[in-house]
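Grab a pencil and work through these exercises with the structure open beside you. Each task comes with a step-by-step solution.

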Amino acid sequence: GGRSAIELSKFDAADLPNTLSFNPRVGDDRIFRSDNSSVMHWLERRNITYESHEDGIEPRHFENNPDLSVFFDVLATSADRRGRRYVA
């Protein structure tokens, strides 16, 4: 965990409307459990989330970091302008 887990200035996602790609288990999580299918569809298909950052973490780095993966689940990812995926 900590600051060393974050990949600084690695992502091109500043001022980027974007979609989310959900983990198949997302319906089990309390954050999205009450959302109806229309909301989930919009988040997956329309650029309605706003990304404004260059720092982040790739899903594989997240999963390989026990300090993060033991406490948190990756519910969704997004891709930056170059197609590089990061935990959303």
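**Exercise 1.** Work out how Glu58 and Arg84 are paired, and where each sits in the chain.

*Solution.* 
Step 1: Look at the side chains: Glu58 and Arg84 make a salt bridge, with their closest N and O atoms 2.5 Å apart. (A salt bridge is a side-chain nitrogen of Lys or Arg within 4 Å of a carboxyl oxygen of Asp or Glu.)
Step 2: Now place them: Glu58 is in the loop between strand 3 (49-53) and helix 2 (59-63), while Arg84 is in the loop between strand 4 and strand 5, so to speak distant parts of the chain, 26 residues apart. (Helices, H or I with at least four residues, and strands, E with at least two, are DSSP runs numbered from the N terminus.)
Step 3: Check the cover: Glu58 is buried, at a relative accessible area of 10%, whereas Arg84 is partly exposed at 22%. (Buried means under 20% relative accessible area, exposed over 50%, partly exposed in between, with a 1.4 Å probe and protein chains only.)

Before you go on, a word on the model: it is predicted, local features need pLDDT of at least 70, side-chain atom pairs count only at pLDDT 80 or more, and totals for chains, interfaces and linings use all residues. Residues are numbered from 1 along each chain as its sequence is written, and side-chain values use heavy atoms, leaving out hydrogens and water.

**Exercise 2.** Find what Glu7 does with Arg84.

*Solution.* 
Step 1: Glu7 forms a salt bridge with Arg84, and their closest N and O atoms are 2.7 Å apart.
Step 2: Glu7 lies in the segment before strand 1 and Arg84 in the loop between strand 4 and strand 5 (85-87), so this pair ties together parts 77 residues apart in sequence.
Step 3: Glu7 counts as buried, with 11% relative accessibility.

**Exercise 3.** Which side chain meets Arg81 in a salt bridge?

*Solution.* 
Step 1: The partner is Asp12, at 3.0 Å from N to O.
Step 2: Arg81 is in the loop between strand 4 and strand 5 and Asp12 in the segment before strand 1, 69 residues apart.
Step 3: Both are partly exposed: Arg81 has a relative accessible area of 42%, and Asp12 has 27%.
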